[in-house]
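Here is a briefing for a first look at this structure. Please keep the sequence and the model at hand while reading.

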Amino acid sequence: MLRIKTLLTILTYLVVLLGIIPLFTWLDAPVQFGIVGAFCAGLLADHRQRYLLGSKVATVLTFVFFAIYLVQLNLNNVVAPIINLVVLLLCIRLVTAKQGRHYLQIFALALFCLAGSSLLSLGMLYLPALILMIFGVTIGLVVLTFFHRDPSLRLTRAQSTSLIKTALILPIGSLLLMLVLFFILPRTPFPLWNFLNPAASATAGFSEQVRPGAFASNAASNNLAFRAECEQMGGEDLYWRGTVLNSIEGSTWKRTIPQHEHTRVVGGQQVSCTITLPATDKQFLFTLDRPIKLDGIRDRQHSDQVFLSRRPLRKIVSYQCQSSLGGTLQQLSAADMELYLDVPDNITPRVQQVAQQIRQQAATLPQRISLLEDFFRQQQLNYATTDLPRSAAPIDEFLFAKKRGYCEFFASSFALLLRLSEVPARLVGGYHGGEYNNFGGYYLITEDMAHVWVEALIDGQWQRLDPSRLASNAATTLIASRQQGLSLGKRTLDSLEYMWTQVIITYDFNTQINLIRNSGSHLKNLAPQTTTLVHAGLIILLLLLSAAALLWWRAYQRLTPQQRLLKRYQDALLQRYKLTNIPPASGLVELALKLDDPRCLTFAQRYSAILYGKRHLSAAEYRQLDDLITEIRQGQDKKSSKLF
Amino acid sequence: MTLLLGFGAVNTGNNLLYLLVSALLGFMAISGLLGHWNLKNIQVTLEPPDEIYAGVETLVRVRLHNRHRLLPVFLLDVYFAAQSDRTGHLPLLKKGEWEAVGVPITFSARGQHQHQQLTISSTFPINFFIRRRVLELSQNIIVFPRPLVCRQQGSVDQAQRAGVLENQAKGTDGDISSIGNYQGSEPLKMIHWKLSAHHDSLKIKELSSLQHLPVQIDPLTLPGNSLEQQLSCAAYLINDLTRRNRPVGLKLGSVTIPPALGPGHKLRLLKELALYAQD
């Protein structure tokens with residue numbers, strides 16, 4: 001026997017766990033201790049039926065907690081105080097005596113906790129927590145209904161199984177409906193309380209400025225930068241453009257928005273990719289170099305092919321990028337040569353000497369670039385992220401002393417030497433590389449793939465140059481580290497997370513409108529594929545019929561031959577005499593007499609003789625009774641004496 | 001709660017909240033459907049007791065048949081119209097099974113009651129709402145007049161005066177009235193062993209009956225301000241006299257039923273009272 005209260009207690013604490021786990025790390029430390037303590041104390045108290053807090057103390061504590069956290073509430077800090085408060089209310093409820101409505105309050109508070117966690121993180125773990133929560137709460141509410149009726153109720157094993165089986169319809173049905181309702185519930189294009197959503201995190205790898213020598217080491221995380229859904233490409237093509245840094249102040253490269261310049265991308269192979277950016281505090285829209293245009297987002301395009309969002313990217317966005325692989329960026333108007341040739345004053349003599357030699361040895365710009373590349377190779381520079389140059393003249397130290405650095409050192413020193421050699425140059429910041437996920441069909445770009453390269457203006461065309469490739473260890477450190485390949489587990493997990501982001505997180509008002517618009521055309525497109533639909537329908541029908549047949553056969557096999565005969569006989573009577581039902585208490589003979597049918601009487605007498613004679617039904621008897629049933633069903637007027 | 005979360009979801013545009021709200025809305029829909037199914041496909045038959053008196057609470061057996069092929073039904077409360085505080089409760093009825101539950105009912109008037117309004121309600125699956133299904137049952141129930149105590153000597157005398165038949169039946173609990181031969185069907189305690197020893201055959205003691213004199217009741221002559229009171233008085237007397245093992249008969253209008261004993265006879269008398277002047 002299972003006590004209904006035991007079942008309810010188990011479900012209640014399960015629901016509490018599911019509500020707390022997703023937001024536990026976001027709680028204040030005292031609240032964390034409080035909820036762990038309350039959970040254990042509540043379990044113990046429920047077991048012993050002795051509770052720590054009386055109702056009056058609980059009420060006073062509730063007011064105190066309200067006062068503490070409502071004081072902290074302001075427009076910049078809304079979610080955290082409320083969530084801490086809800087968890088504390090849950091603590092109080094756990095350690096006090098519980099009646100029916102208290103269990104209901106616990107369920108509601110746990111649901112609020114889960115809802116609150118969605119305002120702190122958009123992680124995929126929310127989904128399993130939600131699914132389990134729906135199972136726990138819905139079955140819990142059903143059990144609570146029984147508890148409300150009789151708190152001391154005990155169910156047999158069969159009863160509790162029957163109850164749980166029926167109650168399972170609730171969560172399963174709810175979750176199926178959730179899939180439909182999620183996409184059709186109304187949304188607004190401009191949510192008023194957007195500020196309540198999870199705050200955007202700053203990116204660690206990509207930077208709006210390049211300052212070689214600012215850090216002794218560069219340890220960018222492998223956090224997600226963005227994902228790009230497209231066909232797989234060669235590693236040398238994977239340059240993801242973010243920003244262009246065209247002015248230099250001291251050793252810092254910054255961006256100046258180019259004015260009155262016109263450019264155009266020509267040639268190359270056009271590719272399209274869908275880029276999904278996580279929430280960020282910047283407005284750069286990353287593109288596959290060289291970008292032509294963006295769709296699906298309100299953007300602002302600069303002449304140096306830098307794209308910026310018109311709105312803050314406080315939530316995950318997804319947009320389509322048209323790019324030209326191998327295309328060239330033509331400068332259609334006069335470039336601001338003063339800007340692109342500008343150099344700082346504090347250049348060391350050694351660096352100036354290198355540039356002077358290049359200027360003297362080569363007359364054309366391509367030759368100067370070639371000479372500079374040779375110089376980089378001769379210097380045997382190493383690509384490294386630790387023990388970096390940190391002196392007042394980091395470029396000089398990088399090129400002549402330490403000879404180690406990461407992409408910022410390579411690119412800034414190369415661009416500086418180009419400018420000193422009178423070659424217009426600028427830095428491009430973004431990402432290089434990407435792990436292709438075959439399952440999802442997209443590139444995963446992480447923060448440690450942040451990269452800086454150089455563009456030089458040669459014959460009216462901006463040419464991409466990546467000096468990091470000139471490192472003596474480029475093949476083993478730079479390129480290989482960016483194409484390590486993901487393990488099967490990571491790929492699967494990341495595919496799921498990508499799908500989660502694409503389907504759930506980025507679904508908004510615009511997507512909803514597009515879905516409605518496209519649904520019409522999708523339906524039209526379905527028309528020519530009638531054959532496919534018919535085939536699919538037939539397969540589904542076949543599967544359903546097979547399942548029904550299997551269920552029927554299983555039920556049929558459970559019956560003994562006598563029971564089968566009786567069932568057939570009763571079915572025949574229902575059909576022949578248009579009866580609505582045959583009460584189980586009515587005897588066979590009694591029924592036959594009521595129906596005034598000699599065949600029924602014969603059947604009843606014969607069947608009863610076998611049943612009460614406690615003997616097995618012979619094959620001949622079975623056939624005879626079966627024939628009789630057929631006659632009853634068909635309503636034939638034969639004398640029973642002919643049969644027996 | 002769902003409304004509050006829905007309001008939050010729309011205003012934050014947070015899709016995780018939308019998921020939760022969608023699931024809760026789905027839950028509301030499915031729970032409504034489950035509650036509807038829970039009261040559907042239940043067949044009901046009434047099994048009233050033999051004696052039902054007007055104004056007296058009686059327990060009627062209500063047999064419920066769960067005609068669902070797949071689902072059991074839960075937490076059924078069964079009550080007759082306007083008597084929702086007097087319910088019969090059935091926590092679980094498995095698929096395809098029959099079960100009976102006693103439901104109290106009080107009929108206000110005697111006579112034939114052809115139609116009964118029965119309500120089946122349930123809080124299943126969640127205790128937020130109570131769903132009801134009202135069934136109109138056509139089953140003839142005869143309600144006898146409410147027995148009203150009328151033990152005045154006059155009424156009994158009146159009844160006794162009408163009783164003219166003497167009961168000649170032999171009894172088993174009175175004095176010895178004669179000696180007879182053992183026929184084989186008499187109880188052994190009736191055998192007169194001493195007397196049998198002097199004869200070739202077994203002799204038995206034939207005892208007189210302690211049964212009272214039979215009574216013929218004419219309700220219209222009984223005290224009472226109205227016909228209903230007279231019928232009630234008659235119902236009381238029939239019950240009382242039968243309980244005392246006294247043969248009772250009835251003379252009501254053109255109907256005359258000679259005094260007799262037994263539950264079947266009593267029901268016949270009460271039925272006459274119930275249906276008198278009902279047309």
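How many bridges join β4(A) to strand β9 (residues 287-288) of chain A? Two bridges join them, and the strands run antiparallel. Two strands count as paired if DSSP finds at least two bridges between them.

This is a predicted model, in which local features need pLDDT of at least 70, side-chain atom pairs count only at pLDDT 80 or more, and totals for chains, interfaces and linings use all residues. Residues are numbered from 1 along each chain as its sequence is written, while chains are lettered from A and ligands numbered from 1 in the order in which they are written. Helices (H or I, at least four residues) and strands (E, at least two) are DSSP runs, numbered from the N terminus.

**The seven-stranded sheet of chain A**

- Seven strands of chain A form an open sheet with antiparallel pairing, in the order β7-β14-β21-β20-β17-β4-β9.
- β7 (263-266) and β9 of chain A are the edge strands; each has a single partner strand, so one side of each lacks a neighbour in the sheet.
- Strand β4 (residues 239-245) of chain A has seven of its seven residues buried, so it is largely enclosed by the rest of the structure. A residue is buried if 20 or more other C-beta atoms lie within 10 Å of its own, exposed if 12 or fewer, and partly exposed in between, with C-beta atoms placed from the backbone.
- β4(A) also pairs with strand β17 (residues 425-432) of chain A, antiparallel, over six bridges.
- Arg241(A) has Gly430(A) as its bridge partner in β17(A). Arg241(A) also stands opposite Thr287(A) in β9(A).
- Helix α13 (residues 407-420) of chain A lies across β17, β20 (450-458) and β21 (461-465) of chain A, at about 15 degrees to β20(A). Axes are lines fitted to C-alpha atoms, for helices over the stretch in contact, and angles run from 0 to 180 degrees between N-to-C directions.

**A helix pair in chain A**

- The axes of helix α19 (residues 588-595) and helix α20 (residues 598-612) of chain A come within 8 Å and cross at roughly 170 degrees.
- α19(A) and α20(A) are therefore roughly antiparallel (a term for angles over 145 degrees).
- The contact residues include Leu588(A) and Val589(A) of α19(A), and Cys600(A) and Leu601(A) of α20(A). Contact means C-beta atoms, placed from the backbone, within 7 Å.
- By class, the residues of this contact are nine nonpolar, two polar and no charged. Ala, Val, Leu, Ile, Met, Phe, Trp, Tyr, Cys and Pro count as nonpolar, Asp, Glu, Lys and Arg as charged, and the others, Gly among them, as polar.

**Where the chains meet**

- 47 residues of chain A contact 37 residues of chain B.
- α6(A) gives the largest share of the chain A side, ten residues.
- That side has 31 nonpolar, 13 polar and three charged residues.

**Chain B**

- Chain B has six helices and twelve strands. Of its 279 residues, 33% count as buried.
- An open sheet of four strands in chain B runs β4-β3-β6-β7, with antiparallel pairing.
- Neighbouring strands of this sheet are turned by 25 degrees against each other on average, direction ignored.
- Eleven bridges join β6 (residues 111-122) to β7 in chain B. One pairing there is His113(B) with Ile141(B).

Note on methods:
Angles under 35 degrees count as roughly parallel, over 145 as roughly antiparallel, 65 to 115 as roughly perpendicular and the rest as oblique. Two residues are in contact if their C-beta atoms, placed from the backbone, lie within 7 Å.
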